[in-house]
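Subject: Structure handover

Dear colleague,

Please find the structure below, for you to take over from here. My notes on what was found in it follow.

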Amino acid sequence: MVKGTNRTVIEINDTGNNMFEKVLLFVTPEYGKLSGSKLKAEAQKLIDKYYPDMLESAKIRDVYRKRKLIKMLCIIFGAVAVLAVAAIIILNIL
């Protein structure tokens with residue numbers, strides 16, 4: 001039997017866990033009118049309490065992304081520096 005009720009659902013697609021690809025949290029009707037930021041904060045508290053390793057894997061992933069970005073910026077900066085030095089040398093020869 002299908003009921004015609006509206007439910008607020010928080011869907012987490014990136015769990016950071018190999019075993020679980022998605023988490024669905026069904027909000028009780030009396031709290032369904034809360035703002036999205038409040039609901040997300042409460043969902044994060046729940047995840048932190050029951051699945052602390054999910055949080056850790058997300059943090060680890062962020063660290064790797066930041067390291068990759070820093071490496072790319074260093075490579076770009078190095079390439080620009082080499083080109084600038086080459087341009088100075090060429091201009092001094094001419």
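A residue is called buried here when its relative accessible area is under 20%, and exposed when that area is over 50%. The model is predicted, not experimental.

Overall make-up

The protein contains two helices and two strands, and their order along the sequence is β-β-α-α. Of its 94 residues, 13% count as buried. Where contacts join residues at least 6 apart in sequence, 30% of them link residues at least 24 apart.

Helix α1

Three residues of α1 are buried: L39, A43 and I47. They lie on the same side of α1, because the arc they cover around the axis is only 75 degrees. The general rule is that an α-helix has 3.6 residues a turn, so residues three or four places apart point the same way. On the face of α1 turned away from the buried side are the exposed residues S37, K38, K45 and K49.

The length of α1 was also checked. With 15 residues at 1.5 Å a residue, α1 should span 21 Å, and the C-alpha atoms at its ends are 21 Å apart, so the two values agree.

The largest pocket

The volume of the largest pocket is about 240 Å³. Which elements supply at least two residues each to its lining? They are β2 (23-27) and α1 (36-50). The largest share, five residues, comes from α1.

The lining is made up of I10, L25, F26, V27, T28, Y31, L34, L39, E42, A43, K45 and L46. By type, nine of these residues are nonpolar, one is polar and two are charged. Two of the lining residues, L39 and A43, are also among the buried residues of α1. K45 is another lining residue, but K45 is exposed and belongs to the face of α1 turned away from the buried side.

Residue V27

V27 sits in strand β2 and is part of the pocket lining. Its relative accessible area is 11%, so V27 counts as buried. Beyond its neighbours within four places in sequence, V27 is in contact with R7, T8, I10, G32 and L39. Among these, I10 and L39 also line the largest pocket. I10 is 17 residues from V27 along the chain, and the C-alpha atoms of the two are separated by 7.5 Å.

Regards

Terms used: Residues numbered from 1 in each chain as written. Predicted model: local features only at pLDDT ≥ 70, side-chain atom pairs only at ≥ 80, totals over all residues. Heavy atoms only, no water. 1 Å grid on protein atoms, 1.4 Å probe; cavity = no way out; pocket = protein on both sides within 12 Å on 5 of 7 lines; lining within 4 Å. Points joined across faces, edges and corners; volume = space filled by probe spheres on them. Helix = DSSP H or I, 4+ residues; strand = E, 2+ residues; numbered from the N terminus. Nonpolar A, V, L, I, M, F, W, Y, C, P; charged D, E, K, R; others polar. Expected span 1.5 Å × (residues − 1). Buried < 20%, exposed > 50% of the residue type's maximum accessible area, 1.4 Å probe, protein only. Arc of directions from axis to C-beta. Contact = heavy atoms within 4.5 Å.
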